[in-house]
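Please keep the sequence and the coordinates open alongside the text.

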Amino acid sequence: MFLVMHRLTSVAEVEAVVGRPIPAVTMKQIDTLDEGCRLVLARSPIAGFGWRDEQGAPCSDFVGGRPGFVRVDSATRITVEVGENVQPRPGSGVSFVFLLPGVGETLRLNGSVDGRSRGRLSIHVEEGFVHCPKCILRSGLWKPSRGSHREHGIAAFLAASPFAVISSWDGSGASDTSPRGDPAGFIRLLDACTLAIPDRKGNQRADTFHNLLTCDRISLAAVVPGRHDVLHVRGTAYITDEPGLLSTMALKGKEPHLALCVRIEHAALVANAALREARVWQPSSHVNRAEVPDLMALAARHLARNQDRGAKAMLFRSLGRLLGAFPAPIRRLLDIGFRKDLAKEGYEEVETRPGLGTRKVRVVAVRRETPEAVTLLLEDGAPFHFRAGQYFTLCLDIDGEKVRRAYSASSMPGEPRLALTIKRVAGGRCSSHVHERVRAGDSIELIGPSGSFAIEHRPTASRELVLIAGGSGITPIASIAQTVLAHEPSSRIALLYGNRSRPDVIFAVTLERLRSEHGARFRLRHVLEQPPEDWSEGTGVLDEATLRVELERLGPSPDAHFFVCGPEPMMKAARRAFEALAVQPHRIHEERFSPPRRSPNRRAADRRLPLLVEQAGQRIGATEVPAGKTLLEAGLDAGLPLPFSCAMGNCGECRVKLTAGEVEMDEPNSLTQAERDRGYVLACVARPLSPTTIEIEEEAE
C-alpha cells in the first residue's frame, strides 16, 4: 500500500511541519545535575537506555530494577548498573529516559561512556532536561492492566503495546533516547519488515528527526504494561508525510503531522529482569510523590537558572516556588491544561481509557448471517493481528453500565477488518444489545486478542485438522479453516458442523465457497436435526453416537488434531466419542461458548461486602461489592487492576487466590478441582458471601 512514500530530508522540511522549538523548551536543558536531578535519579527504578554495541549496532532496552541503580558521582558523572550483556564502546554516545512509576514526566540524560566494569558504566553527563507528561498520558502507561496478553508473537505484542523508547544518533555519534506513547497498537506493521510510528504534536525539539537527517540508524524498545518482556527492534529509519499513511493513524479525525518508518534489520522479544525486579506495573510500587520533586517545578527552576535576569526568569522562579508551596492544586491545574491539549489532538478519553490492549474501533457494517446471528465488521485503520481461533472482548455501554463479553473472531488474522459473529442468546444482555442497537458508524472498545484455542499458520506445514462445531461454535472454527486453507497449501481440513435446520447454518455461503475452491483439501459435512426433504448430508444431533459414526466415516489419521467448539452437551458427547476412538488427549482442543448458570440455591449476600485486593503481600486496593455483582465487576468499577478477558468463566484469565472470606461461583466454569483445592476462584463468576480478600498472582515469565 505504501511502496513509495515521500521522505523529508532536510532540517527546513522538518521544521516546516513541526516548527522550531520555543525558547522555553531549549532553555530548560542543563549540563550539570542539580539536587532535584539527584533526587529523581535516586528514586527511579527503571530507565530506557540507548547505546551502540562493539560492532556499532544501535540498541535500546530498559535497565535498572530498583531505586538506587544509578549513583551520582559528581555534577557531570553518574555510574549506572546495566548488566554484563550491555557492552557499549568507551567514548561512544549513550542516552537515558529515567521513569518514575506513577509519574507522567521523565528525566532525559545524554552523555558518553567514560568506562565500564562488571556490569556498570561510568557516564559523563553532557545534557539533561525534564520531558513533559504527554506521552505517558497518551499511553496510559501506569494505569492498571485489564487483560492478560500473554499471547506469543511480535505482531500481537505490538497490537498491545502503548509505549516505547526510541534511540537515535547524530553524525558525530551523540545519542538521544526519546519516549513515545499512544493508544495500544500505535506502532504499526506495514509489512513483514517495516514499522510505522505516528509523530503527534510535542515539544518541537524533534531530536529523533534531526538525528535521522545525518544518521539513519535507529533502535527501539517497546513494552506492554503487565508483561516483563521487551520487544527490541533495530534498523534504519526515515521521516515521511505520506498522506495515505498518516490518514490511517488519525485519532478522532486528527492525523499525526509526520510518521517515522523503520526498516527492520532485527526484532526479538526478550525477557527483561529490570522490569520484573522493579515491579513497575504494580500500583503499590509507584513512587511516593512526597519523596520526589515535582518535575514541572524542577523544569521551571532549570528555566530560571538558564535565564539569569528579567521578567521571564522571575516568572519561572515564581512558578517553581508555587509548585513547591502548593504542589497539589498547581499540579491539578497543569494536568487539566495537558489534558485539554490532548483532547484537542483527539485523545478525548485520556483519563478513563482502559489500559492494556484496549483499542477503540468503528463498526463498518452489521451483516446478517441468520435470523439469530449477525457479524460486526470493525476497523480502526490498522490490521488486526491475532492467532486464528482467538477471541476479543467487547466493552459495551449498556444503559449506563459497562458490560464485557467475549466473542471469537470469524475473520482471518492480519486483515484490515475484524469480524465478530454474535448469536442472540435468550435473555443475553450483550447479544440482545448488539442485535437491537449496534449500527454502522458506532464506536466500540475492544480488548484482545486472547485465548489458547488457536493455531499459528505456517506456510510450510502439512497437517490434518478435524474441526467440529455446533451452532455459533463455528465462529473460531471458521477463522481456523479459512486461515489454514489460505496459507498452508499442504494441509487438509475436515469440518463437521451441526445445526437445528438449514436457516440456522452460519456462514453457509462462505463454507460452500471454501468447499468449491479447495476440493479434497476441505471436506465439509453438515448435520441437521430438522433436515429439508432434499437433504443429502448428515441428520440428527451431534451426540456421542452420531459423532462416532461421522468420525469413523471421515477416517482421520492418527496424526490429526481435533478442534471442538459448541454447546456443552455436544462438547461432552465429543469427549466420550474421542475416548471410545482412542484419540490421544494432546490432540484434542476445546473451546466452550456456554456461559455459567447462576445456581438456583445460591446464597449470595443481599448487602454490600468489603473486598480487599493484594499482590505479593501488599495491598493494592479496596472496594465494596454490591449485592448481585461479581468480584470482577466491583473491582473494575473501582479501577482495581484485576486480570480478566472473557468475563464468562470460560478462559480462566481472572483466576485469583481467595485468602480470606467465602464466595459462591456460577457453574460450570473452567476452574479445575486442583485449582479449587489450592484456594483459587474465578473473579468473573464469584460473588462474595462475606468480607473477602483476594490475591492477584504475578504473571509467570
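## Confidence and conventions

The mean pLDDT of the protein chain, pLDDT being the predictor's confidence in each residue on a scale from 0 to 100, is 84, and 85% of the residues reach 70 or more. Over residues 323–333 the pLDDT is below 50, and this stretch makes 11 contacts in the model beyond near neighbours in sequence, a contact meaning heavy atoms within 4.5 Å. Residues 348–357 also stay under 50 in pLDDT, and for them the model has 37 contacts beyond four places in sequence. Where pLDDT is low, the predicted coordinates should not be read in detail.

This is a predicted model, in which local features need pLDDT of at least 70 and side-chain atom pairs count only at pLDDT 80 or more, whereas totals for chains, interfaces and linings use all residues. Residues are numbered from 1 along each chain as its sequence is written, and side-chain values use heavy atoms, with hydrogens and water left out.

## The open sheet

Helices (H or I, at least four residues) and strands (E, at least two) are DSSP runs numbered from the N terminus, and two strands pair if DSSP finds at least two bridges between them. On these terms, 7 strands form an open sheet with antiparallel pairing, in the order β3-β2-β6-β7-β8-β5-β4. The edges are taken by β3 (58–64) and β4 (70–74), each of which has a single partner strand, so one side of each is left without a neighbour in the sheet. Neighbouring strands of this sheet are turned by 30 degrees against each other on average, direction ignored, where axes are lines fitted to C-alpha atoms (for helices over the stretch in contact) and angles run from 0 to 180 degrees between N-to-C directions.

Within the sheet, strand β7 (residues 106–117) and strand β8 (residues 120–131) run antiparallel and are joined by 11 bridges; Arg108 has Phe129 in β8 as its bridge partner.

## Aromatic rings

The structure holds 8 aromatic pairs, where rings of Phe, Tyr and Trp (its six-membered ring) pair if their centres lie within 6.5 Å, and planes under 30 degrees apart count as stacked, over 60 as edge-to-face and the rest as tilted. One of them is the tilted pair of Trp142 and Trp281, with 6.2 Å centre to centre and 40 degrees between the planes. Trp142 lies in the loop between α4 (134–139) and α5 (154–160) and Trp281 in the loop between α8 (273–278) and α9 (295–306), so the pair ties together parts that are 139 residues apart in sequence. Both Trp142 and Trp281 are buried, buried meaning under 20% relative accessible area, exposed over 50% and partly exposed in between (1.4 Å probe, protein chains only).

An edge-to-face pair is formed by Phe453 and Phe563, at 5.5 Å centre to centre and 70 degrees between the planes. This pair links distant parts of the chain, with Phe453 in the loop between β21 (443–450) and β22 (464–470) and Phe563 in strand β26 (residues 561–566), 110 residues apart. Phe453 is buried with a relative accessible area of 4%, and Phe563 is buried with a relative accessible area of 4%. Elsewhere, Phe49, Trp51, Phe69, Phe96 and Phe98 form one aromatic cluster.

## Buried strands and a covered helix

In helix α12 (residues 429–437), the buried residues are Cys430, Ser431, Ser432, His433, Val434 and His435, and what covers them includes β16 (359–370), β17 (373–379), β18 (391–398), β19 (401–408) and β20 (418–423). Of the 6 residues of β20, 5 are buried, so this strand is largely enclosed by the rest of the structure. β17 and β20 pair in the antiparallel sense over 6 bridges, with Thr375 standing opposite Thr421 in β20.

Ala440, in the loop between α12 and β21, touches Val363, Val364, Ala365 and Val366, not counting residues up to four places away in sequence. Ile444 lies in strand β21 and is buried, with a relative accessible area of 3%; beyond four places in sequence, the residues touched by Ile444 include Arg359, Leu376, Leu394 and Val438. Further along, β22 and β23 run parallel and are joined by 7 bridges, with Tyr497 in β23 as the bridge partner of Ala469.
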